[in-house]
Amino acid sequence: MLGKIAYALPFLAQGFALTLWVSLLVVVLSLIAGIILGVGLVYGPAPLRWAVRIFSDTIRGIPILVLIFFVYYGLPAVGVHLQSFWAAVLALTLFKTAQVVEYLRGAVASIPKGQSEAAMAIGLTFRQRLAYVIFPQAFRRFLPPWINGVTDAVKGSALVSLLGITDLMQAINQVIGRTYEAMPLYILGALLYFAVNYALSLASRRLEQRFAFIRE
Amino acid sequence: MGYTLNFNLIWRHFDKLSGGLLLSLELAVISIAIGIVIGLVLAVWYVSAGRVVRGVIAAYVEFIRNVPLILLVYLVFYGLPTVVDIAYSAQTSFVATLALYSGAYLVEVFRSGLEAVPRGQIDAGKAIGLTPWQRLIHVRLPTMMRITLPALSNTFISLFKDTSVASVISVPELTYGAQWINFNTFRIVEVYLVVTAMYLLTGYALLFALRLVERWYRTAR
């Protein structure tokens, strides 16, 4: 049994690397998109605020799996052809972006109004207020939940196995298909996911404790 | 780009979706009911237990929270029967998985709720001569319930969405119905539009109803 699994280890490692690669792409892309849309939600004109609100509430209101299938099967139907890898990254990024938008909104809302009023009073422009007053403070509120939320990207990435992408989940299923060693392989997979996500949630908790001392 | 929406085939097979939605709700309700029992028992045990028990409960919670649900679903449905001699349907297997899954999240919810019960209430209970058991039933749990109800509603709604993962082991819930129509009629965009609307409407209707329950519960005392 161990021999068979040891033989499959390089294959599993490739799958694991793909899981990490998908997660990393999703996390970076959703951070950029989420910050842009989040600023739009908090400071934008009403139509933009509405659009972002509808986007976020819709995405967060449906299962990630439905979102993944919608993007994967739906885009080719309307003439947009993406490799399954990029369709998966796009779907997960949409899901994560909605989360980042909400983290950002929450973090900015937690900064007392007096801060931006004071910044206005000393004559800072809108950009200066964001860059020097709001964002540095909001960052401490944003970072812990955001890091914790990265685990959602890693866990969500396991669903891309359903699109025939050989991530860790799919690699495990394929090795089980050949070796019939279901239990040891599922446990191995669970431990790998656990190692990544637990490290992230510990980091998040640490930061939260550390930032808890800093008060406005 | 040249795609014409045509919902006729969706309505013809709508029973797949309506039946699927009911099954999704059923799976979520049964799972959270078992999950609440798991969560309550473990949370009450956790706050009064020694180090070893706390360690075991924390390990369960952390394990479940940090592993993808789809892997847990596979593990229970395909993995477990290879090592223990039990047979169960996909549906039973999924409910068991989702119950264990929600249990782990609810332990955390209930534990923080129990810790948030004001010390004064427990002392007052002691002062009027309630036994520890009576204090738990009549003082700590009701207060905890009021504190945790919003978190409990949120957990339920996210479980409702998580039932979509049951489709990977062919439980005919809503997402499975969507895929069936997707593969058999190729009205892809239409079916996912309809299913998205169904998840959204049901989810927000549940949220609205649960918020009413919370408000009623707060004023009823």
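Read from one end of the sequence to the other, chain B of this predicted model runs α-α-α-α-α-α-α-α-α. That makes nine helices and zero strands. The C-alpha trace of chain B stretches over about 75 × 50 × 30 Å along its principal axes. Of its 221 residues, 37% come out as buried.

Now for a pair of helices inside chain B. Two packed helices are described by the angle between their axes and the distance between the axes. For α3(B) and α5(B), which covers residues 90-115, the axes come within 9 Å and cross at roughly 120°. An angle of 65 to 115 degrees would count as roughly perpendicular and one over 145 as roughly antiparallel, so α3(B) and α5(B) are oblique to each other. The crossing is left-handed. On the α3(B) side, the residues involved are B:Ile57, B:Tyr60, B:Val61, B:Ile64 and B:Arg65; they meet B:Leu100, B:Tyr101, B:Ala104, B:Tyr105, B:Val107 and B:Glu108 of α5(B). Sorted by class, this contact has nine nonpolar residues, two charged and no polar ones.

Then there is the contact between the chains, which draws 34 residues from chain B and 29 residues from chain A. On the chain B side, at least two residues each come from α3 (51-65), α4 (69-83), α7 (132-162), α8 (174-185) and α9 (188-220). The most come from α9(B), with nine residues. By class, the side of chain B that touches chain A is made up of 21 nonpolar, ten polar and three charged residues.

Notes:
Residues numbered from 1 in each chain as written. Chains lettered and ligands numbered in written order. Predicted model: local features only at pLDDT ≥ 70, side-chain atom pairs only at ≥ 80, totals over all residues. Contact = placed C-beta atoms within 7 Å. Helix = DSSP H or I, 4+ residues; strand = E, 2+ residues; numbered from the N terminus. Nonpolar A, V, L, I, M, F, W, Y, C, P; charged D, E, K, R; others polar. Axes fitted to C-alpha atoms, helices over the stretch in contact; angles between N-to-C directions. Parallel < 35°, antiparallel > 145°, perpendicular 65-115°, else oblique. Left-handed = near helix turned anticlockwise from the far one by under 90°. Buried ≥ 20, exposed ≤ 12 C-beta atoms within 10 Å, placed from the backbone.
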